[in-house]
Amino acid sequence: MKEILFLVLGYVMGALPNGVWIGKYFKKIDIREHGSKNSGATNAYRVLGPKYGLMVLAADALKGFLPPFIASRYGVTGNMLLLIGVLAIVGHSLSFFLHFKGGKGVATSLGVFLFLIPNVTLALLIVFILVVYFTRYISLGSIIAAAALPILTALSPVGYGIGKTPLLVMTTLIGVFVIYRHRTNIKRLMEGTENKFKLK
């Protein structure tokens, strides 16, 4: 019963549409009606500006970090922590608050993996920052980081009693899922029409 409750918590916390709520509360606009029409942190940054965009990023990462973190403090270990993290990511991308639509899962995945595999996550964050710095494409940074996720996971030690094989399966699936969610960005990158990141 305890594990089921934390699985539900993972999905519900992941489903919280921070970008939509922050945009409506502070700017009186729905970010799903502007920019890329995505509810995630990148579109929030473009539509709402750096201050609120970073707020959405932090909130989306936190809702990925907290479910497995809280579960671990109540004695949940092993592969169940993986499932809780997966449901947080699924909740973000398929939020029942938004009629089972949502963001692309990058920031929430960052939060989940920051708890599960912090060394890998920090390395991916560096990769992401470098790609964005040199190309100015946030989407490209996200895609490359997603592709590198299972590779770096295979080379990293694992804690919390989590099996290496299930973790590799999870990171591979999440990596593929994130890349799939960026399929329109990939098309725009190939066509040279993708929006570049600009500091406001």
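Helices (H or I, at least four residues) and strands (E, at least two) are DSSP runs, numbered from the N terminus.

## Basis

This is a predicted model: local features need pLDDT of at least 70, side-chain atom pairs count only at pLDDT 80 or more, and totals for chains, interfaces and linings use all residues. Residues are numbered from 1 along each chain as its sequence is written, and side-chain values use heavy atoms, with hydrogens and water left out.

## Annotated spans

An unreviewed UniProt entry lists residues 6–26, 80–100, 106–130, 137–155 and 161–180 as "transmembrane region". UniProt positions are given in the numbering used here, feature names are shortened, and annotations may be inferred rather than shown by experiment.

Residues 6–26 are 90% helix and 0% strand in the model. The end C-alpha atoms of that span are 31 Å apart. Residues 80–100 are 67% helix and 0% strand, with end C-alpha atoms 24 Å apart.

## Helix α2

Helix α2 covers residues 18–27. Just after α2, K28 takes a positive phi of about 60°.

## Nonpolar cores

A nonpolar core is a set of buried Ala, Val, Leu, Ile, Met, Phe, Trp, Tyr and Cys residues joined through side-chain atoms within 4.5 Å. The largest has 24 residues. V76, F113, L116, I117, L149, M170 and I174 have the most contacts inside it. Two or more residues each come from α5 (79–93), α6 (106–116), α7 (118–135), α8 (138–154) and α9 (164–181). The largest share, 6 residues, belongs to α5.

Beyond its neighbours within four places in sequence, L116 is in contact (heavy atoms within 4.5 Å) with L81, L82, Y160, I162 and M170. A second, separate core has 7 residues, including I22, I31, A44 and Y52.

## Cavity

On a 1 Å grid over the protein atoms alone, a cavity is a set of points where a 1.4 Å probe fits but cannot get out; lining residues have an atom within 4 Å of a point. The count is 1 cavity of 30 Å³ or more. The largest cavity has a volume of about 50 Å³, taken as the space filled by probe spheres set on the points.

The lining has 14 residues, with L16, P17, S39, K63 and H92 nearest the centre. α1 (2–15), α2 and α4 each supply at least two lining residues.

Conventions: Buried means under 20% relative accessible area, exposed over 50%, partly exposed in between (1.4 Å probe, protein chains only). On a 1 Å grid over the protein atoms alone, a cavity is a set of points where a 1.4 Å probe fits but cannot get out, and a pocket is an open set with protein on both sides within 12 Å along at least five of seven lines; lining residues have an atom within 4 Å of a point.
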